[in-house]
Amino acid sequence: MALPRTLLLGGARSGKSTRAELLLADRSDVLYVATSGTRDDDADWARRVDLHRARRPASWRTAETCALEEVLADRSDPAPVLIDCLALWLTAVMDECGAWDDAVWLDGGQEAVEARCAALAAAWAGTAREAVAVSNEVGMGVVPATAAGRRFRDALGRLNMAVADASEQVLLVVAGQVLTVKGVSV
């Protein structure tokens with residue numbers, strides 16, 4: 001069972017999404033917020049999205065959106081929310097802000113990304129909904145070779161810290177195994 005706000009972190013293919021879904025498996029109504037978007041002409045990505053959809057209970061609703069602040073602020077919907085994932089949300093934010101470009105990053109892009117991350121962290125801290133979020137832990141791997149890759153890693157690390165600070169429970173998933181970082185052991 002999930003606590004009011006639970007963050008699950010892990011590496012690629014670690015099992016974090018499956019574990020997040022299991023936290024809410026006993027709920028008939030869950031709003032699953034997919035931040036992945038679409039990737040035209042990417043069959044592998046389409047298969048991954050299909051696998052995620054297929055394993056969710058039929059009674060769960062899906063919203064494909066990056067408007068996470070609005071979802072978290074919605075008091076008219078009492079259903080728990082599962083956000084998968086913050087790393088893909090940040091990718092979309094960096095796309096919107098043009099923050100992959102070095103010149104844009106230095107000319108206001110960094111501040112724009114930081115403001116969006118702060119707004120999301122505030123929405124997470126202030127939500128009245130039971131919420132579970134999934135995010136990649138990217139700080140334990142190879143140092144990205146590009147400046148854009150490093151700024152993404154750094155921004156995601158800061159976002160993960162802010163969301164973790166406002167969470168009652170933080171779990172790390174490694175090889176499908178759940179380690180409690182903060183809160184009640186599962």
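Two strands count as paired here if DSSP finds at least two bridges between them. Strands (E, at least two residues) and helices (H or I, at least four) are DSSP runs, numbered from the N terminus. The model is predicted: local features need pLDDT of at least 70, side-chain atom pairs count only at pLDDT 80 or more, and totals for chains, interfaces and linings use all residues. Residues are numbered from 1 along each chain as its sequence is written, and side-chain values use heavy atoms, with hydrogens and water left out.

1. Strands around β6. V174 stands opposite Q177 in β7. β6 and strand β7 (residues 177-182) pair in the antiparallel sense, over 5 bridges. The two strands form a hairpin with 2 residues between them, and A175 in the turn has a positive phi of about 50 degrees. Strand β1 (residues 5-10) runs parallel to β6 and is joined to it by 5 bridges; L8 stands opposite L171 in β6.

2. Burial of β6. Of the 6 residues in strand β6 (residues 169-174), 5 are buried. Buried means under 20% relative accessible area, exposed over 50%, and partly exposed in between (1.4 Å probe, protein chains only).

3. R129. This residue is found in the loop between α5 (102-126) and β5 (131-136). R129 counts as buried because its relative accessibility is 5%. Its side chain reaches the backbone oxygen of V71 at 3.0 Å and makes a polar contact with the side chain of D77 at 3.2 Å. A polar contact is a pair of N or O atoms within 3.5 Å; within protein, one must be able to donate a hydrogen and the other to accept it, and residues adjacent in sequence count only if both atoms are side-chain atoms. Leaving aside neighbours within four places in sequence, the residues in contact with R129 (heavy atoms within 4.5 Å) are P4, L31, V71, L72, D74, D77, A79, P80 and V81.

4. E130. The loop between α5 and β5 also holds E130. With 17% relative accessibility, E130 counts as buried. Its side chain makes a polar contact with the side chain of R27, at 2.5 Å. The C-alpha atoms of E130 and P78 are separated by 8.4 Å, with the two residues 52 apart along the chain.

5. Aromatic pair. How many aromatic pairs does a search of the whole structure find? The search finds 1. The ring centres of W100 and F152 are 5.9 Å apart and the planes lie at 25 degrees, so the pair is stacked. The criterion takes rings of Phe, Tyr and Trp (its six-membered ring) with centres within 6.5 Å; planes under 30 degrees apart count as stacked, over 60 as edge-to-face and the rest as tilted. W100 lies in the loop between α4 (86-97) and α5, and F152 in helix α6 (residues 147-165), so the pair ties together parts that are 52 residues apart in sequence. W100 is partly exposed at 31% relative accessibility, whereas F152 is buried at 15%.

6. Charge over a ring. The charged end of R56 sits over the ring of Y32, 3.6 Å from its centre. The test requires NZ of Lys or CZ of Arg within 6 Å of the ring centre and within 35 degrees of the ring normal.

7. Cysteines. The structure holds 0 disulfides, a disulfide being a pair of cysteine sulfur atoms within 2.5 Å. The sulfur closest to that of C85 is in C66, 9.7 Å away, which is too far for a bond. C85 counts as buried, at 5% relative accessibility. C97 is in no disulfide either; its nearest cysteine sulfur, that of C117, is 8.8 Å away.
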